Amino acid sequence: MNANDTYVRQQLQGRRVLVTGHTGFKGSWLCIWLRELGCEVVGLGLDPLTERDNYVLSGIGQKILADLRADIRNRQQLLDIFTEYQPEVVFHLAAQPLVRLSYDIPAETYETNVMGTVNVMEAIRHTSSVRAAVMITTDKCYENKNQLWGYREDEPMGGYDPYSSSKGACEIAISSWRRSFFNPADYGRKHRVSLASVRAGNVIGGGDWAKDRIVPDCIRALEAGQPIDIRSPHAIRPWQHVLEPLSGYLLLAAKMLEGPTAYCEGWNFGPQMESTTEVWDVASLIVHHYGQGTLRDVSDPNALHEAQLLMLDISKARFRLGWTPRTDIQECCRLTAEWYRRYRNEDVYALCVGQLEEFTSIPCKHTS
């Protein structure tokens, strides 16, 4: 455990933390980490998608203070929950998170991602206990120009598909609420909330079974003894293990509690440059560390549009927060494949905690 981990524990231990989307992939891992930090965790979200989700298998819902079902599109329901539980820290992860699905349900994607985020911010605005709120969006919120260098936090928001554009709209709304209602210049007089947004790369790790994501697609094929169909083999993404961005979110929240006007802005949490690589390479590493499987290129030139090149510049988090990634692409894929190799025969909560302990024992690496 390094100095950042110790600092995060000191700042967050004993605090009441509300996580939206806690039944999802990243949300379940975040709740496990928060529980291990000694936080009082309140989770609100929809039912998990499958009985094999990390949320279900880890049993994290039974280990936290409150495991609530709520739709973030219902503003009054959110306000009632915030009023009852009075959280100090909020992590907002609930979303419709899939690019391809957003083509099928564009309006619902916008209702959930944009208005859902607005509803969470309104609940924060009307709850006097909240001190720090970390709003999770995505690296796809940037206007993608397929550029060879990473996007910085001050670059324009945008998005081609409904999912990406909805997240760009989220960022604009977050910026508006921060200026209008949570302005740092008014801190201590008109409000006591520090509000930040965070953008991460393509996150992989154990317990994700969502459709149209490369690792779940790989594991489903491997468990069925079938070749792995690769839809966009040459698409380049900033791959990172799920614990990487979560470590950044936690560090940021800790900093916000200590310096509420110094960190309430947008932040990128991406991998090292060499971990920004092609889909085919990541699938190949999953196969290697899983110990079996073959890949099959099924790319379709007429497929729905998805960005082919996307990278993040993490210089700001590195220099201002002291955050850097700990795993390279090999370690990222090894941890991920290991979870899927072991989950059927082990206590999954213990498996997750073991991987968390292994992750926090890795020293931070120099970032290019």
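Trainee: Where does glutamine 86 lie?
Mentor: This is a predicted model: local features need pLDDT of at least 70, side-chain atom pairs count only at pLDDT 80 or more, and totals for chains, interfaces and linings use all residues. Residues are numbered from 1 along each chain as its sequence is written, and side-chain values use heavy atoms, leaving out hydrogens and water. Helices (H or I, at least four residues) and strands (E, at least two) are DSSP runs, numbered from the N terminus. Glutamine 86 is in the loop between helix H4 (75-85) and S4.

Trainee: What is the phi of glutamine 86?
Mentor: Most residues other than glycine have a negative phi. Glutamine 86 is not a glycine, yet its phi is positive, at about 50°.

Trainee: What is the relative accessible area of glutamine 86?
Mentor: Buried means under 20% relative accessible area, exposed over 50%, and partly exposed in between (1.4 Å probe, protein chains only). Glutamine 86 is partly exposed, with a value of 34%.

Trainee: What is the phi of aspartate 212?
Mentor: Aspartate 212 lies in the loop between strand S7 (202-204) and helix H8 (214-224). This residue is partly exposed, at 33%. Aspartate 212 is not a glycine either, but has a positive phi of about 60°.

Trainee: Which residues does aspartate 47 touch, not counting residues up to four places away in sequence?
Mentor: Aspartate 47 is in the loop between strand S2 (40-45) and helix H3 (54-58). At 55% relative accessibility, aspartate 47 counts as exposed. Contact means heavy atoms within 4.5 Å. By that rule, aspartate 47 touches Thr23 and Arg69.

Trainee: Is serine 28 buried or exposed?
Mentor: Serine 28 lies in helix H2. Beyond its neighbours within four places in sequence, it contacts His22, Asn54, Tyr55 and Ile60. Its relative accessible area is 0%, so serine 28 is buried.

Trainee: Within what arc do the buried residues of H1 fall?
Mentor: The buried residues of helix H1 (residues 3-12) are Asn4, Asp5, Tyr7, Val8, Gln11 and Leu12. The arc is that of the directions from the helix axis to the C-beta atoms. Seen down the axis, those buried residues line one face of H1, because they fall within an arc of 160°.

Trainee: Which residues are exposed on the other side of H1?
Mentor: Cover for the buried residues of H1 includes H2 (25-36), S4 (89-92), H9 (243-258), H11 (315-321) and H13. On the other side of H1, the exposed residues are Ala3 and Gln10.

Trainee: At roughly what angle do H12 and H13 cross?
Mentor: Axes are lines fitted to C-alpha atoms, for helices over the stretch in contact, and angles run from 0 to 180 degrees between N-to-C directions. The axes of H12 (residues 329-342) and H13 (residues 348-360) come within 11 Å and cross at roughly 160°.

Trainee: Is the crossing of H12 and H13 left-handed or right-handed?
Mentor: A crossing is left-handed if the near helix is turned anticlockwise from the far one by less than a right angle, and right-handed if clockwise. The crossing of H12 and H13 is right-handed.

Trainee: How are H9 and H13 oriented to each other?
Mentor: Angles under 35 degrees count as roughly parallel, over 145 as roughly antiparallel, 65 to 115 as roughly perpendicular and the rest as oblique. The axes of H9 and H13 come within 11 Å and cross at roughly 70°. H9 and H13 are therefore roughly perpendicular.

Trainee: Which residues in H13 do Leu243, Glu244 and Ser247 in H9 meet?
Mentor: The contact joins H9 to H13.
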